[in-house]
Amino acid sequence: MSRENDVVIEIDDLSKSYGHHEVLRGLSLRVEAGEVYGLLGPNGAGKSTLLHLLLGFLKPTAGHVRVLGSSNLERMRAQIGYIPERQRYHTRYTAREYLRFMGEMNGLYGSALSNRLDELIILVDLEADANRMLSTFSKGMLQRLGVAQALLGDPNLLLIDEPTSGLDPVGQRAVLDLLASLRDRGHTVFLCTHYLHEIEYLCDRVGVLARGQIAAEAWVHDLRIPSSNVMIEVDRLEPELRTQLQTLSMGITCEPRIIQIRQNTPQLQTEVLQLLINAGVAILSLAPLESPLEQFYSQAVQTRIQMQHAGSTDDAGLSTTAHESMPVARPTGEGETLLNELLRRNSGSANGETNKPE
Amino acid sequence: MRSLRFTGFMLLEYIRSGRVALEIIATLVVFFVFLRRVGISMNAEYFFSVTGVYAPILTLYTTAAFIGLGDRPQGYVLLAHGMSRTSYLLGIFGSAFSIVAGSYGILSVMAALFNRPLDLNIFGWMLGTLPLLLNIALLAALMLMLSPLVFPSAWRLTVLGLIALAFSSNFIGGPIFESLPSLVRAILRAVQAVLGGPLVPAFYGFQLTVTRDYSSMTAVANILAQVSLLIALLGLAIYSFSRRDLMFSDGAP
């Protein structure tokens, strides 16, 4: 298990190109021991490339990577558990045979290996299927096997790539619960995904990878603050009433049965509801327009794209370095969260200082 | 040890997948077509001439099959468990070599049981087998080195070009060669001589397999040359594989 306050992953100014195609450009980040860090990014953003750089499969074009305090990544691999995105395993083996071989590669033998196998097979709930060929396994079972193989060497760091990709809802839930149990045991986890709910469910901190850089970082704890923007569903909305509503604020948009309130305030929301009630409109539902994490993610990606299209990282008065290209919640707490910045921009009210989760 | 264990792992997968049936069938076909008793008994020279050609051909197929097995995203998980790239590459090489050597072994046993060469004893078989196995290993190592897994495209094309140039004396000869300007001829001869050097141990190795003539020191020197060339090819492959970006087929991030 990792020691607290150690930096497990240190990446400085990392760039990676394939020929003329630049995938990562000056990326920097830190992950501390015991932390579950979620890297969020669209498909093709370079998340898997980053994982392969951390494992030493790829060589950086520029910059530095240190994992568990060492830059000799090949040597550190035995202390890292890796769960790949694609569930490609050697299917001509039974689960127990496969895990036994992987355990031997991790330097486990004899009774220590047998005990570890039994323990992990129970953990991932594969007792009944341990002696079945992997070719007969479902995707969900293969993903649970992936978790077991990653834990064989009792790793100090777990690198996980799109853990629920291609799984049905039941399989997704099983894998997420399994990963949550690892988090609760104190494993340091670096999780790459493009699913927001995985970040919300599992992670302590989130970074958004866009256009080869960390466009923004935040504590997930901060992003759990409910969004003030709301969507109201009504049975009907006459044109006159729509006009009346839209004159209340620039942030109100109306469709025939939907009203969206952005830049919302309690007072504005009350006024909108009052108008609807006075007009005798039936209010069918009132719900947050989007989750703060979703807002955080889309804003980070859009801003990064806009900045790149502008041809400069020095845009709209924001700082020029990769980490400062968006407001960032730093682990030390000296920065502001993007959420705060967004709320300030959107509603004109700041939500206070960023708090590092306990 | 890890490369040996990995070799066993790859071999078991190859056998369980049923792919090994091709090697077994090919070996049986070669025996029944070329080596079974038809009227007269065969001699050792004939036996080694057949196996000396068959084994390298089988090496081409089997090594390609194992390179394919090694060049899959499954390799990422194996390497993530602390296996070094060197062990990984040697495991692939060892697996291919084992299958071809095993096929040759089966062919030898069948010949010994059903149509034993009259002038061949176990010692003679070993003398012929040693350079043959080294040739199998050389070819497997060369194929591994030239695979997309190990060498980038540019290097692959360069090495293949050099090999073609080394062989060119067999294709560019007589009137064509004489029609070239004298300076070009001189340069071409020199290049062919230099590049043809590494091929000598393999060709002489085949001759040694057939003749089993170890009466001169040249034979021993050739065995050493085969071993040296094998180490050089494997060393170059390991060096290249350890330095390049690891991107298995259909598994690029």
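**Figure 1. Secondary structure of chain B in the predicted model.** The secondary structure of chain B, taken here from a predicted model, consists of 11 helices and zero strands, so that the order of elements from the N terminus reads α-α-α-α-α-α-α-α-α-α-α. Along its principal axes, the C-alpha trace of this chain extends over about 60 × 55 × 30 Å. Of the 253 residues in chain B, 35% are buried. Where contacts in chain B join residues at least 6 apart in sequence, 87% of them link residues that are at least 24 apart.

**Figure 2. The side of chain B that touches chain A.** In this view, 20 residues of chain B are in contact with 25 residues of chain A. Helices α1 (2-17) and α4 (74-80) of chain B each contribute at least two residues to the chain B side, and the largest share of that side, six residues, is supplied by α1(B). Sorted by class, the side of chain B that touches chain A contains nine nonpolar, five polar and six charged residues.

**Figure 3. Packing of helices α3 and α6 in chain B.** Helix α3 (residues 44-70) of chain B packs against helix α6 (residues 122-145) of chain B at an angle of about 25°, and their axes are 9 Å apart. Because angles under 35 degrees count as roughly parallel, α3(B) is roughly parallel to α6(B), and the crossing in which α3(B) passes α6(B) is right-handed. Residues that make the contact include F48(B), T51(B), L60(B) and I67(B) from α3(B), together with G128(B), L132(B), N135(B) and M143(B) from α6(B). By class, the contact of α3(B) with α6(B) comprises 13 nonpolar and seven polar residues, with no charged residues.

**Figure 4. An open sheet of three strands in chain A, with helix α1 lying across it.** The strands of this open sheet in chain A follow the order β2-β1-β4, and their pairing is antiparallel. Strands β2 (21-32) and β4 (62-67) of chain A stand at the edges with a single partner strand each, and therefore one side of each has no neighbour in the sheet. On average, and with direction ignored, neighbouring strands of the sheet are turned by 15° against each other. Strand β1 (residues 7-18) of chain A pairs with β2(A) in the antiparallel sense over eight bridges; the bridge partner of I9(A) in β2(A) is V31(A). Helix α1 (residues 47-54) of chain A lies across β1, β2 and β4 of chain A, and runs at about 120° to β1(A).

Figure 5. D154(A) counts as exposed because it has 12 C-beta neighbours inside 10 Å. With 17 other C-beta atoms within 10 Å, Q263(A) is partly exposed.

**Figure 6. The setting of E294(A) in helix α11 of chain A.** E294(A) has its place in helix α11 (residues 292-309) of chain A, and this residue is partly exposed, with 16 other C-beta atoms within 10 Å. From C-alpha to C-alpha, E294(A) and S249(A) are 23 Å apart in space, while in sequence they are 45 residues apart.

Conventions:
Residues are numbered from 1 along each chain as its sequence is written. Chains are lettered from A and ligands numbered from 1 in the order in which they are written. This is a predicted model: local features need pLDDT of at least 70, side-chain atom pairs count only at pLDDT 80 or more; totals for chains, interfaces and linings use all residues. Helices (H or I, at least four residues) and strands (E, at least two) are DSSP runs, numbered from the N terminus. A residue is buried if 20 or more other C-beta atoms lie within 10 Å of its own, exposed if 12 or fewer, and partly exposed in between; C-beta atoms are placed from the backbone. Two residues are in contact if their C-beta atoms, placed from the backbone, lie within 7 Å. Ala, Val, Leu, Ile, Met, Phe, Trp, Tyr, Cys and Pro count as nonpolar, Asp, Glu, Lys and Arg as charged, and the others, Gly among them, as polar. Two strands pair if DSSP finds at least two bridges between them. Axes are lines fitted to C-alpha atoms, for helices over the stretch in contact, and angles run from 0 to 180 degrees between N-to-C directions. Angles under 35 degrees count as roughly parallel, over 145 as roughly antiparallel, 65 to 115 as roughly perpendicular and the rest as oblique. A crossing is left-handed if the near helix is turned anticlockwise from the far one by less than a right angle, and right-handed if clockwise.
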